[in-house]
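Thank you all for coming.

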Number of protein chains: 2
Amino acid sequence: MTDGDDWRELGQQLRVDSIRAAALTKSGHPTSSMSAADLLAVLMSKYLHFDFSMPDNPNNDHLIFSKGHASPLLYSVYKAAGAITDEELLTFRKFGSRMEGHPTPEIPWVDVATGSLGQGLPIAVGVALAGKQLDRLPYRVWCVCGDSEMAEGSMWEAFEHAAFYELDNLTAIIDVNRLGQRGETMHGWDLNSYANRARAFGWKAIEIDGHDFDEIDRAFAEAIETRGQPTVVVARTLKGKGVKEVENQLNWHGKALDHPDEAIEELGGIRNIVVDVAKPESDGRPHEFDAPGADLPTYEVGSDAATRKAYGDALAALGSIRGDVVAVDGEVSNSTFAEIFRDAHPDRYFEMYIAEQQMIAAAVGLQVRGWHPFASTFACFLSRAYDFVRMAAISRSTFSMCGSHAGVSIGEDGPSQMALEDLASFRAVHSSTVLYPSDANQTAKLVAQMADLPGISYMRTTRAATPVIYGPDEEFSVGGSRVVRSSDDDDDVTIVGAGITLHEALKAAESLAGEGINARVIDLYSVKPVDVEGLREAAEATGGRIVTVEDHWPEGGIGETVLSAFADAEERPLVVKLAVTEMPTSGKPAELLAAAGIDADHIASAVRQLVGARVA
Amino acid sequence: MTDGDDWRELGQQLRVDSIRAAALTKSGHPTSSMSAADLLAVLMSKYLHFDFSMPDNPNNDHLIFSKGHASPLLYSVYKAAGAITDEELLTFRKFGSRMEGHPTPEIPWVDVATGSLGQGLPIAVGVALAGKQLDRLPYRVWCVCGDSEMAEGSMWEAFEHAAFYELDNLTAIIDVNRLGQRGETMHGWDLNSYANRARAFGWKAIEIDGHDFDEIDRAFAEAIETRGQPTVVVARTLKGKGVKEVENQLNWHGKALDHPDEAIEELGGIRNIVVDVAKPESDGRPHEFDAPGADLPTYEVGSDAATRKAYGDALAALGSIRGDVVAVDGEVSNSTFAEIFRDAHPDRYFEMYIAEQQMIAAAVGLQVRGWHPFASTFACFLSRAYDFVRMAAISRSTFSMCGSHAGVSIGEDGPSQMALEDLASFRAVHSSTVLYPSDANQTAKLVAQMADLPGISYMRTTRAATPVIYGPDEEFSVGGSRVVRSSDDDDDVTIVGAGITLHEALKAAESLAGEGINARVIDLYSVKPVDVEGLREAAEATGGRIVTVEDHWPEGGIGETVLSAFADAEERPLVVKLAVTEMPTSGKPAELLAAAGIDADHIASAVRQLVGARVA
């Protein structure tokens with residue numbers, strides 16, 4: 001379809017259908033859909049290459065609605081493409097329908113969930129990066145953005161990275177309808193303000209009237225011809241275009257129309273045009289990377305090794321075992337040790353600089369195409385991307401994260417680098433796995449398993465070199481725990497630690513043994529899922545006395561996951577939670593562990609008090 | 001001091017002292033300090049107006065190190081200003097010293113903690129906004145930025161907002177030393193790439209050689225003369241400048257020098273220049289807003305009212321009661337109801353558009369100057385600013401946040417808008433208070449108290465109008481709870497809910513009463529701190545049987561805070577946790593509460609099973 005009149009009709013159909021979809025539940029964003037309808041009419045009928053019957057065709061283009069609230073438009077496009085029926089369109093926002101309020105990958109043609117503004121474009125950067133550098137296929141990524149979301153810094157991280165990586169397979173379309181939720185945007189219809197910013201960041205920018213089909217057509221044509229840089233089409237549009245009651249009016253954001261029937265009539269009535277969306281021209285197969293195989297690294301029991309180093313070693317080995325493993329890092333690869341992977345597999349490593357939102361978005365985008373990304377930075381800085389991780393769970397994403405340098409035990413750098421909230425925040429992510437290894441051999445085994453875990457897996461690593469306590473042949477399952485020390489039936493108390501605190505717990509147990517107190521020590525390396533059975537066994541065997549110790553705030557971490565393991569148990573142990581309760585400072589690791597009350601001495605003291613109280 | 005030779009000497013002193021500070025603990029970032037030393041020499045001796053003897057002088061300029069890792073330079077400036085002794089400088093990074101690895105407000109001249117890159121500039125925007133629009137004093141804000149952190153989107157949120165609010169009292173200085181932690185930055189010494197971006201965002205940008213004192217001097221002079229727009233000085237510098245071993249060398253990020261004595265000699269030895277930093281020229285008093293007084297809003301018992309509406313009503317009243325209360329919102333003020341405050345107190349309301357990081361940073365900046373900000377958006381989108389909230393705790397900030405539209409009960413918008421992790425993530429913030437009111441009158445009382453709470457307080461509000469159950473004269477203390485329903489000594493079970501689930505709990509209790517099961521219902525409106533005593537009393541009175549119910553993931557929320565209240569209690573109740581365990585969809589609120597298993601029917605069913613199992 002290449003004709004203005006046809007496009008006009010199709011645009012009107014998309015508007016009508018957006019209004020109809022929203023009318024039934026009286027909710028949704030028809031006006032934000034209507035502004036971009038003409039842009040989508042041209043895109044879907046002339047430029048998009050997408051085989052709706054084969055959503056997994058690796059050559060399909062990708063259409064990402066960064067302005068996810070314009071879902072009525074997206075679903076109307078699906079109807080016009082013949083991918084869904086009119087009946088299904090009209091289930092919009094109803095319970096049980098996959099036509100949700102904001103798009104999610106429950107719909108097979110949706111790559112990722114959107115609805116938190118400013119995320120679609122950075123994710124599109126990840127998909128485009130996969131296209132250019134991993135899949136090496138000619139698909140294009142089309143990303144429909146709102147003007148309001150241009151205020152999100154994450155959009156500019158995307159602009160920066162897309163230009164840096166010369167992603168000429170990426171086209172952003174900004175629907176400048178001027179009106180945000182509660183009033184005018186910062187820049188209104190000043191298209192130039194957006195275009196100038198984009199150009200300064202290295203993009204080609206084309207300013208058009210988003211309701212002029214010739215201009216739209218020319219802009220997309222220019223976008224696909226542009227080499228070496230991404231293109232943004234900055235389109236002046238009218239919110240609610242075509243319906244006098246709402247067109248370019250304030251206070252119509254996120255509302256169904258009051259008089260949908262009149263509006264539909266004003267737009268020329270219901271249409272049922274079906275567009276034969278072009279199939280991909282290429283039938284290429286995605287590039288595959290050689291995976292000659294490798295052994296996971298091993299570490300000598302009794303030596304000292306940092307789990308962060310083991311992460312890097314293991315990831316590099318994993319890259320040789322599996323060609324689908326890729327890595328991104330936030331400009332700290334010499335600290336996280338992702339640099340070992342980078343040096344071994346430079347084609348599968350992407351430097352994301354200090355832009356953690358873009359880093360996680362890139363991981364989400366890369367996994368859209370079936371790659372398994374590992375994203376790493378200091379654990380504390382992953383908090384920068386928390387909204388992206390939250391949304392990634394709604395996207396049913398599968399990728400792994402590693403946060404290094406967690407806890408007060410990092411020492412001199414001080415609290416800004418400590419990540420005392422990561423276990424809490426990442427436990428509270430749907431589908432997440434949270435691992436906190438205590439030893440280098442264990443780390444290697446767990447890293448290898450992360451690549452097979454569905455959902456979002458997170459590993460917390462430790463800065464310091466800690467004793468290697470497990471042999472290289474020991475196996476560790478996600479969801480398990482390990483009894484590291486026990487006197488079998490003679491234990492008085494269970495101490496639960498992980499990572500740095502496991503070693504403090506072992507020291508405490510050793511010193512308590514000299515006083516005749518037998519402590520069972522559990523390595524809770526799998527914080528989520530947690531080993532409920534193992535914990536319950538230990539509690540039963542140790543008189544219902546548990547001390548938990550964590551290099552983390554008291555909320556939401558190891559202590560509370562242990563408590564949850566017993567919440568509805570018949571026997572519920574007494575749990576003394578040791579955690580960081582005061583704001584730490586700089587100092588030597590040992591000084592800070594002591595000041596936080598989570599070192600061996602404090603653990604021993606807590607045990608003495610607990611056992612004494614019970615024994616007495 | 002206005003002479004090139006003097007500046008050169010001072011610059012060398014700042015370098016020498018940065019090296020000396022880092023040499024003792026063999027940690028810190030001397031090379032990132034050395035690059036900016038000449039810039040600071042000119043700034044402190046000619047342009048900065050700061051009374052070090054009166055850190056609270058409202059007319060003091062503000063000097064914010066967005067590149068917080070250059071703390072050796074900042075502390076060397078303090079020594080050169082005579083504010084600290086050489087002895088104290090040399091306690092850098094030692095346990096017990098306020099000269100921490102990254103600056104924190106434990107030092108009286110430090111406004112905010114930095115060390116998570118990309119935060120200093122957005123916070124500086126908040127301080128500058130306070131200067132122009134609230135305090136109405138002529139102080140200036142000087143913000144020293146690194147080039148690596150220009151990759152953070154939050155920096156561009158700051159550029160956007162500073163230009164929009166025409167903050168000509170703000171000067172950013174970018175220390176373009178070319179080298180990040182693990183290699184060259186994206187743009188190296190391409191000053192123009194930074195300057196062009198800044199100009200496109202509406203700033204004046206001046207490119208200079210950051211080691212040429214005349215150029216530095218002229219740039220700062222031009223910055224303070226510029227009206228109507230902020231200025232950025234983009235300075236080409238050498239990392240490790242002045243010491244051959246490290247100057248412009250890779251792999252010297254975050255490392256003390258190997259040969260500090262030789263380096264100090266190369267720089268001309270130790271100096272002890274003391275600069276008489278200019279005092280503020282103004283002795284003006286900060287503007288105060290009229291606070292004629294007002295009554296908090298009240299709602300009729302039995303009517304329906306949304307807690308989010310009560311938040312807006314109460315905040316507007318609070319603004320009339322207290323002149324120090326201000327508000328920022330992320331372009332959703334008609335949803336959070338911050339618009340009621342905006343309409344009542346337009347001079348104290350700042351629209352932050354869809355830029356949640358900048359919104360929280362602005363709140364942090366405004367509270368630096370003693371204002372009490374309330375920051376609001378949908379609860380889910382506060383996750384965008386989680387790293388800012390984390391750092392705000394390290395800044396010992398005092399401000400309030402309100403997250404509206406929390407939980408599956410929002411209905412049709414779907415999971416991207418639901419915030420099922422906010423209680424977990426904000427509980428795990430040091431100093432935080434987490435409130436989740438169940439009723440409009442209660443909301444109003446708690447909003448008023450938030451303005452007096454130290455630290456970071458967070459209120460979760462509900463989209464739907466819910467029954468008003470408390471009289472307008474009832475009092476609610478932070479850290480309390482309320483028994484909403486009880487048969488005194490005859491209760492079989494305790495149900496703990498808050499917000500939307502309290503009303504489901506009440507419905508469940510009503511239906512259970514018909515079956516002869518008496519449920520005590522507790523409103524846990526204060527999630528942190530939690531009412532340990534109240535919960536323990538209830539557990540004791542109800543046979544050690546508790547059902548918790550929350551519109552939140554199972555991790556880190558109401559269930560786990562209840563479990564923590566009993567962790568080391570003598571009697572530990574059996575706790576059945578009801579929470580959202582599967583990814584929600586769109587639907588009607590009642591449908592989604594039912595699907596998540598947290599509506600009245602599911603609560604009643606859980607109670608029956610619990611009581612039956614125990615009674616039987």
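Let me begin with a term: a residue is called buried when its relative accessible area is under 20%, exposed when that area is over 50%, and partly exposed in between, computed with a 1.4 Å probe on protein chains only. On that scale Ser148(A), at 14% relative accessibility, counts as buried.

This is a predicted model, so to say where the thresholds lie: local features need pLDDT of at least 70, side-chain atom pairs count only at pLDDT 80 or more, and totals for chains, interfaces and linings use all residues. Side-chain values use heavy atoms, with hydrogens and water left out, residues are numbered from 1 along each chain as its sequence is written, and chains are lettered from A and ligands numbered from 1 in the order in which they are written.

Strand β2(A), residues 141–146, has 6 of its 6 residues buried. Two strands are said to pair if DSSP finds at least two bridges between them. By that criterion β2(A) pairs in the parallel sense with strand β1(A), residues 62–65, over 4 bridges, and Phe65(A) has Val144(A) as its bridge partner in β2(A). β2(A) also pairs in the parallel sense with strand β3(A), residues 170–176, over 6 bridges, and there Gly146(A) stands opposite Asp175(A). Between β2(A) and β3(A) the chain passes through helix α7(A), residues 153–164, in a right-handed β-α-β crossover; right-handed here means that, with the strands pointing away from the viewer, the path from the first strand over the helix to the second runs clockwise.

Ser148(A) belongs to the loop between β2 and α7 of chain A. Taking contact to mean heavy atoms within 4.5 Å, and leaving aside neighbours within four places in sequence, Ser148(A) is in contact with Leu179(A), Gly180(A) and Thr185(A), and also with Glu331(B) and Ile354(B) from chain B.

That brings in the second chain. Copies are superposed by least squares on the C-alpha atoms of residues with pLDDT of at least 70 in both, and chain B can be laid on chain A with an RMSD of 0.0 Å by a turn of 180° and a shift of 0.0 Å along the axis. The two copies are thus related as by a two-fold rotation axis. Gly153(B) is the residue of chain B that comes closest to that axis, at 1.8 Å for its C-alpha. The copies meet through the same surface, because 100% of the interface residues of chain B are also interface residues in chain A.

Arg390(B), in helix α15(B), residues 386–394, is buried, with a relative accessible area of 6%. Which residues does Arg390(B) contact, leaving aside its neighbours within four places in sequence? Its contacts include Cys380(A), Phe381(A), Gln417(A) and Glu421(A) from chain A, and Ser116(B) from chain B.

Next, the cysteines: with a disulfide taken as a pair of cysteine sulfur atoms within 2.5 Å, the structure holds 0 disulfides over all chains.

Finally, some backbone geometry. Most residues other than glycine have a negative phi, and most peptide bonds are trans. Arg136(A), in the loop between α6 and β2 of chain A, has a positive phi of about 60° and is partly exposed at 41% relative accessibility. Arg396(A) has a positive phi near 55° and counts as partly exposed at 31%. A cis peptide bond joins Lys528(A) and Pro529(A), with omega about -5°, and the bond from Lys528(B) to Pro529(B) is cis, with omega near -5°. Lys528(A) and Pro529(A) are also among the contacts of Thr433(A), a residue of strand β11(A) that is buried, with a relative accessible area of 7%.

Technical notes. Helix = DSSP H or I, 4+ residues; strand = E, 2+ residues; numbered from the N terminus.
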